[in-house]
Amino acid sequence: MKAMAITSFGPPEVLKLTEMKQPQAGPGTVRVRVKAAGVLPFDCGVRNGTIGYVRQQRFPMIPGNEFAGVIDQVGEGVDQFAVGMEVLGFSLLHCYAEYVVVDADQIVIKPERMPWEIAGGFSGNGQGAHMALKSVGIEEGDTVLIHAAAGGFGTFACQLAKAWGAAAVIGTASERNHEYLRSIGVIPVAYGAGLVERVRRIAPQGIDAAVDAAGPEALRASAQLVHNKERIRTMVSDETAVELGIPVLSGTRTAARLQELVDLYMESYIRIHIREVFPLHEAPEAHRLVETGHGRGKVILLVGEQR
């Protein structure tokens, strides 16, 4: 099979289109012929070696954390899925490839009217947002602050907070993304100096919960704005969280969590904006785009022919 793999850590150019042995489904697993895979900041960390776990893995290594495709092989003991079923799911690695093998509890059925590019980029940011917002305990009537609100994670988090009953969601973003945030029911606010004062003008009563995907300064701002530090989480700044006495996010991705998100998508609570789509062999360009840290929505790799 073809895959985008690395044989050393480094810049986007280390990702190379590589012929690799096709994996086989074993007991409790399925093999999926991949149609689309999302590109996450985590994948960039895998590629450049800053994700500690992957330093113990062997080369060649295939990045990729989320995918969608068609089951083409079912292992012994799997009775809830069959060959030909369209699915989406998650795997820590291996998704930038024509085939991926995963445990049967890492996939759910893809709705027929969910496009492949959305399905392929659904699991990673979606489950991260679900974990973060569950941890801060979104309640009916809350005012919620989401940092980096226009990105793949932020878009999910904003809409999920509203679906769970938040009365107001305030999202930090660059000016060019403010109209987009308004289109999904979010009150936009600019990054940078004076952020705390700008948020206080919007929400003089204070902020009930906050989730950060922007970095230490955004997290420090949250600590000044949120009534209770137990209701703040960060996706990117654990060291700063410890310094400020903010709980570090923990949790695991599950099929049940993913199914809940798919159901919300089908009920039109969640809309996914696709920023750009690349063919598999252009994964280096996709990584460069994600590493800019700017822009709205998801970056996707398409694998093989789409229908």
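The protein has 10 helices and 14 strands, where helices (H or I, at least four residues) and strands (E, at least two) are DSSP runs numbered from the N terminus. Residues are numbered from 1 along each chain as its sequence is written. Because the model is predicted, local features need pLDDT of at least 70 and side-chain atom pairs count only at pLDDT 80 or more, while totals for chains, interfaces and linings use all residues; side-chain values use heavy atoms, with hydrogens and water left out.

**R253 and its surroundings**

- With a relative accessible area of 21%, R253 counts as partly exposed; buried means under 20%, exposed over 50%, and partly exposed in between (1.4 Å probe, protein chains only).
- Setting aside neighbours within four places in sequence, R253 is in contact with N65, F90, S91, L92, S123, G124, Q127 and M131, a contact being heavy atoms within 4.5 Å.
- The C-alpha atoms of R253 and V211 are separated by 18 Å, and the two residues are 42 apart along the chain.

**E260 in helix 9**

- E260 belongs to helix 9 (residues 255-266) and is partly exposed, at 30% relative accessible area.
- Beyond its neighbours within four places in sequence, E260 is in contact with H130 and W164.
- Q127, one of the contacts of R253, lies 133 residues from E260 along the chain, with 9.7 Å between their C-alpha atoms.

**Aromatic pairs**

- A search of the whole structure turns up three aromatic pairs; rings of Phe, Tyr and Trp (its six-membered ring) pair if their centres lie within 6.5 Å, and planes under 30 degrees apart count as stacked, over 60 as edge-to-face and the rest as tilted.
- F9 and F59 have ring centres 5.1 Å apart and planes at 65°, so this pair is edge-to-face.
- F9 is in the loop between strand 1 (2-5) and strand 2 (16-19), and F59 is in the loop between helix 1 (41-48) and strand 4 (66-74), so the pair ties together parts that are 50 residues apart in sequence.
- Both ends of that pair are partly exposed: F9 has a relative accessible area of 23%, and F59 has 38%.
- F122 and F156 also pair edge-to-face, at 5.0 Å centre to centre with 75° between the planes.
- This pair links distant parts of the chain, 34 residues apart: F122 is in the loop between helix 2 (116-120) and helix 3 (123-136), and F156 is in helix 4 (residues 152-163).

**The protein as a whole**

- For 307 residues, a compact globule would have a radius of gyration near 19 Å, and the protein agrees with its 19 Å; the radius is taken over C-alpha atoms, and the globule rule is 2.2 Å times the number of residues to the power 0.38.
- The C-alpha trace spans about 60 × 40 × 35 Å along its principal axes.
- Buried residues make up 56% of the 307.
- Among contacts between residues at least 6 apart in sequence, 67% join residues at least 24 apart.
- The accessible surface is about 13,000 Å², and 50% of it belongs to carbon and sulfur atoms; such areas come from the Shrake-Rupley method with a 1.4 Å probe.
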